[in-house]
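Trainee: Could you walk me through this one before I set anything up? I'd like to go piece by piece.

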Amino acid sequence: RDDYASMPLVERPPNLWRHRIFALLFACAVFLPNLGSFGLWDPWETHYGEVTRDMIERDAAISPYWGSRARIGTRPPQGNWFWSKPIYIFWSEQLTIRLFGLSEFSVRLPVALLAIAAVLIAFWSFSTLIDLRTGWLAAVILATSPMFFFIGRQAQTDMPFVGSLTIALCFFLVGIFKRRQIWSDRSFFGITAATSIFFLLNTVPQWAVVARDLQRPAGKKDVISLILHNGTLHFIFYAVIALIIVLTLAIPMVRHHHRNKGFSDEFKDRAIRRYYLLLFYLFAGHATMAKGLLGFMLPGAIIFFFVAVSTRWRLLARAEIFRGIGVFLIAGCPWYIAMFVKHHPGFYQRFVIHDHFNRLGSGVHQIDTGMFEHFIKWLGIGMFPWVAFVPVLLAGFARFRLRTRDDALKLFLLLWFFVSYTLFTVSSTKFHHYIFPALPGLAFLIALFIREFEGSQGWQARFGAFVVIGMFGLVAYNLLADPQHFRNLFTYQYSRKMAHGDQLPYTAAWADSIFLAETNGILRALIKWEWLRYETFIKLIGVVGSVGLLSFLIARTRRYGVYLLGALAVVVALWGLNYYMPLLSPHWSQKYLFDKYYSECERIPPKPLVREKFVPLVRKIPGLRWIYKATHARNKQICREKIVGWLLTWRGETFYSHNTLYKLESDQLVPFLRDVYPKGDSRPMAFYIFGVKGGVNGFKARLNNDLRKAQNEMRRRDPGSILLQVKRFNVTMAFSESMYFELGVATPVL
């Protein structure tokens with residue numbers, strides 16, 4: 001009680017709600033415009049998007065599946081259970097697709113909303129812990145770091161993991177470090193009710209999904225199997241844990257209220273801190289559902305090292321560990337437990353052994369090499385322009401002393417950055433964006449540093465200003481030297497060449513392109529602005545930023561330098577999301593190729609049950625049908641003319657064909673022509689060929705020779721086959737706008 005009473009009292013800043021609304025509008029303005037205005041990128045967005053689309057079509061609850069179920073020749077079907085990634089991204093995409101329809105907007109919306117939530121929680125937490133200015137710095141630095149905003153427009157698992165991790169640790173920071181606050185009874189009951197509803201929405205639907213999906217497998221009659229596969233028992237198990245948590249919170253609350261004829265200020269403040277800590281465990285569960293074991297191991301390691309380094313072992317007694325484990329269990333584990341029950345041992349071998357321990361120890365899909373120095377470059381590019389402060393910031397820790405609450409907060413953020421950086425440095429598997437979990441901790445450290453640096457005096461501050469200017473110029477020059485740096489923050493196969501010259505859609509050769517025809521008016525206008533072109537834009541940012549940063553040499557003008565840097569960072573974010581990414585999308589998305597296919601083929605309606613599954617809620621409500629049209633949502637599309645993928649290792653062809661494409665290896669062309677091509681048709685029809693650049697010509701060279709082989713077999717097996725009516729195929733190019741993909745059409749000559 002003495003410690004609590006001596007804790008400084010937080011002062012509620014004026015117009016706080018106005019600042020929160022502005023923070024929300026700022027985050028929405030960065031992440032939402034043009035969200036679905038260009039195609040999904042290969043391979044990640046389309047990979048996970050197809051798993052989601054397939055789960056909707058199969059009405060699957062917990063078991064993701066990837067790939068074709070078609071058998072071609074003697075080879076087994078290429079599809080299989082998808083156990084590489086947890087369920088978070090698939091459930092969230094299912095929700096938005098069922099609400100708004102199948103579209104690029106719906107696939108990307110969950111990731112964008114989570115990025116917005118992380119920015120808002122960053123603003124709230126640091127305005128609560130320090131002041132409003134620090135809250136704004138934390139929010140702006142996080143939102144405008146290129147790695148954060150680019151991944152915030154990529155429907156992959158990294159933002160669900162890092163966004164949830166950021167929210168979780170921010171709640172932990174506020175629960176531990178927040179100053180004393182006086183709450184009214186109305187605010188206390190409101191926060192209690194809102195927290196309870198939020199917990200229910202994040203837990204009960206999961207239990208219901210598991211209860212519906214888990215059923216007794218055929219042939220198993222032993223008691224253990226009957227119990228493990230009983231979804232209702234799973235639901236009851238989680239409900240009992242939740243009830244115990246509620247009772248351990250409610251009983252002391254009732255006793256205190258009865259004893260004191262109301263709630264004391266100390267009780268209300270401690271209870272709300274407890275809610276924040278339990279929200280930490282809830283979002284740690286989200287992070288685990290998004291990425292796997294790191295969802296709880298990484299925040300656990302950060303907290304452990306903080307307690308050990310600061311020797312604040314008493315903090316563990318206030319960390320709500322026992323109730324927190326219960327919250328984590330009911331919020332983050334139901335899907336995992338169901339998968340281990342339903343798909344053991346395959347799920348364990350693939351997800352735990354291959355995608356966790358093998359990635360960490362022996363390497364999986366190894367592309368990058370290097371040790372401690374490797375991620376320095378990519379963290380610098382991923383945090384431009386704010387990385388300019390990092391050398392001075394880290395140098396300041398040479399004389400760091402742990403004395404005050406703010407010092408402990410800095411230590412926590414430093415360990416957040418350092419533990420994350422070290423973990424992914426020692427990992428054998430490296431991608432550029434693997435350093436992403438370290439970014440929020442460093443971003444928040446930069447916010448605290450700027451707050452102190454603005455008022456610093458003396459030669460050390462002026463020397464630091466020179467370092468800031470030099471670091472900014474160095475990273476800007478590095479960005480100017482290679483336009484691929486930004487792209488490599490959020491994509492795959494870094495060796496693939498960047499689009500340049502006539503390959504970019506602002507040239508005259510693209511005037512009649514499908515890409516420009518489908519691009520909205522805002523993006524078409526932006527594409528024509530020459531000053532937005534990469535080299536010109538980066539030079540402009542570099543020059544304006546370097547000149548503006550000269551204000552850091554004088555203490556009185558540093559605040560204006562921060563404003564300028566913030567404005568430049570916002571401009572870079574808007575440019576990156578609304579110019580740079582859309583400009584490259586014709587080459588990294590297969591959307592436009594398949595739009596060409598669907599515009600030429602003869603459409604056939606999907607089965608009524610399948611069609612109904614892709615009719616979203618907004619289309620069923622008369623006043624909301626405009627949303628369905630605005631997002632360019634579509635139902636499952638099927639063509640009478642078949643389409644084959646020739647020698648492919650991409651993913652978008654499966655998503656954009658709605659899994660109707662036949663992927664062919666070199667020995668599968670004859671079986672395709674013999675068994676699949678004529679099946680269900682009354683006459684020989686054209687079919688389409690999807691391939692990488694040069695693939696259509698390679699297919700053309702094989703096609704007629706393999707046609708004769710297939711016909712020789714059919715003469716013996718089925719002399720009446722319509723395949724025997726085909727004399728040869730004429731192969732022509734139907735789409736060649738992309739650097740990497742092309743579409744051909746094989747027309748039969750009878």
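**Helices, sheet and aromatic pairs**

Mentor: Let us begin with two helices, where the axes of α3 (residues 44-58) and α4 (residues 88-100) come within 9 Å and cross at roughly 65°. Please keep in mind throughout that this is a predicted model.

Trainee: Is that crossing left-handed or right-handed?

Mentor: The crossing of α3 and α4 is right-handed.

Trainee: And which residues meet there?

Mentor: From α3 the contact takes in Y48, G49, V51, T52, M55 and I56, and these meet I89, F90, E93, Q94, I97 and R98 of α4. Sorted by class, that contact of α3 with α4 has 7 nonpolar, 3 polar and 2 charged residues.

Trainee: Okay, changing topic to the strands. What order do they take in the sheet?

Mentor: The sheet is an open one of 5 strands, with the order β6-β5-β7-β9-β8 and mixed pairing. The strands at the edges are β6 (662-664) and β8, and because each has a single partner strand, one side of each is left without a neighbour in the sheet. From one strand to the next, the twist averages 30°.

Trainee: Which pairs in there are parallel, and how many bridges do they have?

Mentor: Strand β5 (residues 643-646) is joined to β7 by 3 bridges and the two run parallel, while β5 and β6 also pair in the parallel sense, over 3 bridges. The bridge partner of I643, in turn, is Y688 in β7.

Trainee: Where do the β5 side chains point, and are they buried or exposed?

Mentor: I643 and G645 point one way from β5, V644 and W646 point the other way, and all of them are buried. As background, the side chains of a regular strand alternate between the two faces of the sheet.

Trainee: What about the antiparallel side, around β9?

Mentor: Strand β7 (residues 687-692) and β9 run antiparallel and are joined by 6 bridges, with V692 opposite F741 in β9. Strand β8 (residues 728-735) pairs with β9 over 7 bridges, again in the antiparallel sense, and there T732 stands opposite V745 in β9. A hairpin through 5 residues joins β8 to β9.

Trainee: Why would you call β9 largely enclosed?

Mentor: Of the 9 residues of β9 (residues 741-749), 7 are buried, so the strand is largely enclosed by the rest of the structure.

Trainee: New topic, then: how many aromatic pairs turn up?

Mentor: A search of the whole structure finds 77 aromatic pairs. One of them is formed by F389 and F552, a tilted pair with 5.6 Å centre to centre and 55° between the planes. That pair links distant parts of the chain, 163 residues apart, with F389 in the loop between α17 (374-382) and α18 (390-396) and F552 in the loop between α25 (534-548) and α26 (558-588).

Trainee: What does the Y677 and F729 pair look like?

Mentor: Y677 and F729 form an edge-to-face pair, with 5.6 Å centre to centre and 80° between the planes. Y677 lies in the loop between α32 (669-676) and β7, whereas F729 lies in strand β8, so the pair ties together parts that are 52 residues apart in sequence. Both Y677 and F729 are buried.

Trainee: Last one: where does R20 sit, and what does R20 touch?

Mentor: R20 lies in helix α2 (residues 16-31) and, leaving out residues up to four places away in sequence, touches L120, F123 and W124. With a relative accessibility of 22%, R20 counts as partly exposed. R20 and S127 are 107 residues apart in sequence and 10.0 Å apart in space, C-alpha to C-alpha.

Notes:
Residues numbered from 1 in each chain as written. Predicted model: local features only at pLDDT ≥ 70, side-chain atom pairs only at ≥ 80, totals over all residues. Heavy atoms only, no water. Axes fitted to C-alpha atoms, helices over the stretch in contact; angles between N-to-C directions. Helix = DSSP H or I, 4+ residues; strand = E, 2+ residues; numbered from the N terminus. Left-handed = near helix turned anticlockwise from the far one by under 90°. Contact = heavy atoms within 4.5 Å. Nonpolar A, V, L, I, M, F, W, Y, C, P; charged D, E, K, R; others polar. Buried < 20%, exposed > 50% of the residue type's maximum accessible area, 1.4 Å probe, protein only. Pairing = 2+ DSSP bridges. Phe/Tyr/Trp six-rings, centres within 6.5 Å; stacked < 30°, edge-to-face > 60°.
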